[in-house]
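Please open the model in your viewer and keep the sequence panel beside it. The tour goes from one selection to the next and says what is found at each stop.

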Amino acid sequence: MNCWTRREFGCIAGATCLTALTPRAVTGQAKARIVVIGGGVGGATVAKYLAMSTATVDVTLIEPKQHYTTCFFSSLYLAGLRSFESLIHGYEGLAQRYGISIVHDSATIIDPVAKTVGLESGARLPYDRLVVAPGIAFKYGAIEGYDEAATQTLPHAWTAGPQTMLLRQQLESMEDGGVFVLVAPPNPFRCPPGPYERASLVAYYFKQYKPRAKILILDAKDNFFGQELFQDAWSRHYPGMIEWLPAQFTGGIKAVDVKGRSVKTAGDTFRAAVANVIPPQMAGQLAQDAGLADQSGWCPIDPMTFESKLQPGIHVVGDAASAGEMSKSAFASNSQAKVCAFAIAASLTGSERFPPHLFNACFTIVAPDDAMSSAIGYQAATGAIKISDFFLSKVGEDAETRRRLVREADGWYAAFTEDVFG
Amino acid sequence: MSAKCRCDGNALGARAFIALQICICATPVFLITHESLAADNNRGAQLAATCAACHRLDGRDNGIPSIIGLDEGKLAGALQAFKSGERSIMHTVALSLSSEEIATVVHYLAAQRKETERP
């Protein structure tokens, strides 16, 4: 079957019936060069949906890693409920099914005047449209003593891969009776329920193999997403194992002692057998270097197109974007990427741009037979992204509902990763 | 066909397109009709992209039900029921859709064929 652009259609309609079946290749229409930087959920989704669109495009995806490892569901691996391999997704489908060129290199510089992206290898890629999806970077130094080197002893495991495996190894090596300290970051950060889901699933692991272990959450905040649900789940599944200390109690997280494996708050020092320090976050480094991020550390965008408000002609999607009231999550990144892809395709083809549909949804697993779900709808008609509807599971839901949500979570992961990489 | 051309790759869209090309040869006034239909097809695909974040669109059901190739009216009814029903992920999704958008997306989804049924 052929695929026809609307522009080609206009051309055909103005010609004779004999030329009406002229395929794209014969029309000689120049392809728009789309370059997408970052092969995470946002970048991969925008590349795929642009390649699937009716626009005539050549899509290049720049990503240094050979595979993407999902941070979502990685705490199931920590709990021994999912293999590490099941979190890994390749780019072969995007290349083979959609004709996307995958360039395994690092983008080092963007020249918005010449419209080129410089790569670590020295190559320069010209573009007509650029989408930047650099994800998050960590604010090293915001917690005294926590720098990149410290992550080898006190892993953040908040970008999945070797850090996730390191944390799992440390948990396995930990003696029963030890304290696992989890430092939860200030808002905004990637995956608001994530640190608390991780605490739940590490507790599940401890309950089986190290039942005398304790989990201490030192939080940079005074409350967190789904707090009532998590605390209810902890009391039902892991009574007495998890303690959560808000910033108003500790005075906030001030420093770490890497050698001593301890975390210092305003008034105390907490010694850990294993410490998982999730530091404060900002948009990925390239966004900072390219002038896409403002003083907040995140990238302001037009919610109808996800075009940067600071660098016209460059789009930013995913966790790096400052998208109003939208959470930072894989689901939200995927949703933003589709809006961005449709907006770029509409502008290339001159076709109608439909109102964006922006969502975030989440399945959070707290035990192998117990999950909660949430959904947030957004509207962007006023020029700012605002929450239009919010749903979150309730405390006291029956056991069958919670079991069903675990099954749905598994189904969601399969469908979602297929939507992004398949 | 290039690998990326899955765009309007639904059978209905293709049939409609071919039919409309024939019409255009006869009378250019149908161009407007086609432009509108193409836009509708596009919109259906775009709305369905939201569904694809949770529901596989190849007909496989792995914990979350398949929503393709179903009766258009039943699917529309289900979405309307979610819209007026109790709070859930699908309630939030359905609330965001106008009646026109529901009609558009169910028309698109109903026309999709399971992977095993595709030629």
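A residue is called buried here if its relative accessible area is under 20%, exposed if over 50%, and partly exposed in between, with a 1.4 Å probe and protein chains only. The model is predicted, so local features need pLDDT of at least 70 and side-chain atom pairs count only at pLDDT 80 or more, while totals for chains, interfaces and linings use all residues. Residues are numbered from 1 along each chain as its sequence is written, chains are lettered from A and ligands numbered from 1 in the order in which they are written, and side-chain values use heavy atoms, with hydrogens and water left out.

Begin with strand E23 (370–379) of chain A; helices (H or I, at least four residues) and strands (E, at least two) are DSSP runs numbered from the N terminus. Nine of the 10 residues of E23(A) are buried, so the strand is largely enclosed by the rest of the structure.

In the hairpin between E23(A) and E24(A), which has six residues between the strands, look for A:Gly383, which takes a positive phi near 95 degrees.

Next select helix H8 (residues 227–237) of chain A, whose buried residues are A:Gln227, A:Leu229, A:Phe230, A:Ala233, A:Trp234 and A:His237. Viewed down the axis of H8(A), these residues fall within an arc of 165 degrees (taken from the directions from the helix axis to the C-beta atoms), so they line one face of the helix. Among the elements that cover them are helix H7 (194–209) and strands E22 (358–367), E23 (370–379) and E24 (386–392) of chain A, where contact means heavy atoms within 4.5 Å.

Finish with helix H11 (residues 330–349) and helix H12 (residues 399–421) of chain A, which pack at an angle of about 35 degrees with their axes 12 Å apart; axes are lines fitted to C-alpha atoms, for helices over the stretch in contact, and angles run from 0 to 180 degrees between N-to-C directions. The contact is made by A:Ala330, A:Phe331, A:Asn334 and A:Lys338 of H11(A) and by A:Trp412, A:Phe416, A:Asp419 and A:Val420 of H12(A).

Conventions: Pairing = 2+ DSSP bridges.
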